[in-house]
Amino acid sequence: MTTGTERRDENVQPPRPVPEPGAAAPSTLSADRVSRAIGGQLILDGVSLTPRPGSVTGLLGPNGSGKSTLLRLLSGVLTAASGVVTLDGRPLGEWGRRAVARRIAVVDQHADTLVELTVLDVVRLGRIPHRHAWTPPTEADDDAVRTALERTGLTDRAAQPWHTLSGGERQRVQIARALAQEPRELLLDEPTNHLDIQHQLDLLNLVAELPVTSVIALHDLNLAAMYCDQVVVLRQGRVVAAGTPAATLTESLIADVYGVRATVTYPGPGDRPHIRFLGTAAKD
């Protein structure tokens, strides 16, 4: 992963192998020095991000640091005021909405509908980019929906009305809808917010095992340390650190970015860091 950053871990990833002659290059989603202002306020300022294909990248930072805005730029929902987002080297705007939707799935923090839908109805929405208007679902569509329900443990809830679900259950349905889309890139904005601990772990285990490139905005630093191959830390719209969780999530960075005192320990050789919070940091 490469990022525009004020501090850089030079050993985040080993050099990528040179493709064999004639081999297809791996698919990539990339942001190059993107900026975005909302209501006259600069939300992102020259951020670059290229997740390694097939990896899980965590976007970290306090509220208002620009995580959600960056995800919206990567998905094409927003356009950058400067800089460019590319997919396989082409600007995202050149792909067209249907083509982007076939490649990139998005799970937002909040989802709702005024239409009476069942769980199955919502998950089937993930197949829209793959279907022509007014055509019935194909066998491939049904297989994708069935697999998505199974992966998220929702098979027995397929007929249940959406409005009767808890917040955490609705989030799982949104994950299933995204999986039914069969994306190669998956963008998730605080997907664990409404989940209990067991379902947080289940969901992130699922994401980590998917053969897709995932970018996840997270608040929980320990979950980021456990599941992310690399993390990008934002503050006030800029990248302040990027690299592996072990190289990036240091006590000094946590104090500097979050204003919190913490200890960072490693249970055993080669283990990922564990963060214990001690209280707010003293201000100068």
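**Notes on salt bridges and nonpolar cores**

1. (Helices, H or I of at least four residues, and strands, E of at least two, are DSSP runs numbered from the N terminus.)

2. Before going on, please note that this is a predicted model, where local features need pLDDT of at least 70, side-chain atom pairs count only at pLDDT 80 or more, and totals for chains, interfaces and linings use all residues. Residues are numbered from 1 along each chain as its sequence is written, and side-chain values use heavy atoms, leaving out hydrogens and water.

3. How many salt bridges does a search of the whole structure find? The search gives 10. Side chains of opposite charge can pair when their charged atoms come close.

4. Have a look at helix 4 next, where Arg-146 and Asp-143 lie 3 residues apart, so about one helical turn separates them. Arg-146 forms a salt bridge with Asp-143, and their closest N and O atoms are 2.2 Å apart. Arg-146 counts as partly exposed, at 42% relative accessibility, and Asp-143 is partly exposed too, at 30%.

5. Glu-169 and Arg-157 make a further salt bridge through their side chains, at 2.7 Å from N to O. The pair links distant parts of the chain, 12 residues apart: Glu-169 lies in helix 5, and Arg-157 in the loop between helix 4 and helix 5. Glu-169 is buried, with a relative accessible area of 18%, whereas Arg-157 is partly exposed, with 25%. There is also a network, in which salt bridges that share partners join Asp-88, Arg-103 and Glu-185.

6. Now for the nonpolar side chains. In soluble globular proteins, nonpolar side chains tend to be buried together. The largest nonpolar core here has 49 residues, and Leu-60, Val-123 and Val-173 have the most contacts inside it (a core is a set of buried Ala, Val, Leu, Ile, Met, Phe, Trp, Tyr and Cys joined through side-chain atoms within 4.5 Å). Helix 5 supplies the largest share of this core, 6 residues. Apart from it lies another core, of 24 residues, including Leu-70, Leu-71, Val-85 and Val-239.

7. Leaving aside residues up to four places away in sequence, Leu-60 touches Ser-65, Lys-67, Leu-218, Leu-221, Ala-224, Val-231, Val-232, Val-233, Leu-234, Leu-249 and Tyr-258 (heavy atoms within 4.5 Å).

8. Where is Tyr-227 found? Tyr-227 belongs to helix 7, residues 221–227, and is buried, with a relative accessible area of 12%. Although Tyr-227 and Gly-58 are 169 residues apart along the chain, 8.5 Å separates their C-alpha atoms. Not counting residues up to four places away in sequence, Tyr-227 touches Val-56, Leu-201, Leu-204, Asn-205, Ala-208 and Arg-272.

Note on methods. A salt bridge is a side-chain nitrogen of Lys or Arg within 4 Å of a carboxyl oxygen of Asp or Glu. Buried means under 20% relative accessible area, exposed over 50%, partly exposed in between (1.4 Å probe, protein chains only).
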